[in-house]
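Good morning, and thank you for coming.

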Amino acid sequence: MVQSHIHLGKNHVAGNVMVFFCSNNNVPNVQPCPADGGTVTGTITAANVLAIATQNVTAGDFDPLTEALSSNTAYADIHTMKFPAGEIRGQIHRAEDEHHGHDHDHDHDHDHDHDHDHD
């Protein structure tokens, strides 16, 4: 892997890089990518958000990133040595309600036989 990042762009639209996951292209304050592939972990903060003047994104402004992630206007891109222009592109979508279809009532009291002595 050469680099991986999040772009601001709708489906089938090329956009500019908003934040990097990793890069081996000497990008300041960005962790290196594993050369032979692998997992990249970390925390993205406002300091990681890049300026995109043509899309009204100011460097360090976290709000445009969260808005893009929640409105399906961001995509992740992975570049490799074999495909330096980009090997994998995936639109980022907000997850559906993870609790949908689950029994939320599992903590309720069940009917139990209780013996009550009455005098």
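The buried residues of helix 1 are in contact (heavy atoms within 4.5 Å) with strand 1 (3–8), strand 2 (16–23) and strand 3 (74–79). Helices (H or I, at least four residues) and strands (E, at least two) are DSSP runs, numbered from the N terminus. This is a predicted model, in which local features need pLDDT of at least 70, side-chain atom pairs count only at pLDDT 80 or more, and totals for chains, interfaces and linings use all residues. Residues are numbered from 1 along each chain as its sequence is written, and side-chain values use heavy atoms, with hydrogens and water left out.

Which residues of helix 1 are buried? In helix 1 (residues 62–70), they are Pro-64, Leu-65 and Ala-68, where buried means under 20% relative accessible area with a 1.4 Å probe, protein chains only. Viewed down the axis, these residues fall within an arc of 100° (taken from the directions from the helix axis to the C-beta atoms), so they line one face of helix 1.

At the N-terminal end, Asp-61 caps helix 1, with a side-chain oxygen 3.2 Å from the backbone nitrogen of Asp-63. Just after helix 1, Asn-72 has a positive phi of about 60°.

Val-57 touches Leu-8, Met-18, Val-49, Leu-50, Ala-51, Ile-52 and Pro-64, leaving aside residues up to four places away in sequence.

Finally, Arg-89 lies over the face of Tyr-75, 3.4 Å from the ring centre; the criterion is CZ of Arg within 6 Å of the ring centre and within 35 degrees of the ring normal.

Key. Buried means under 20% relative accessible area, exposed over 50%, partly exposed in between (1.4 Å probe, protein chains only). A polar contact is a pair of N or O atoms within 3.5 Å; within protein, one must be able to donate a hydrogen and the other to accept it, and residues adjacent in sequence count only if both atoms are side-chain atoms.
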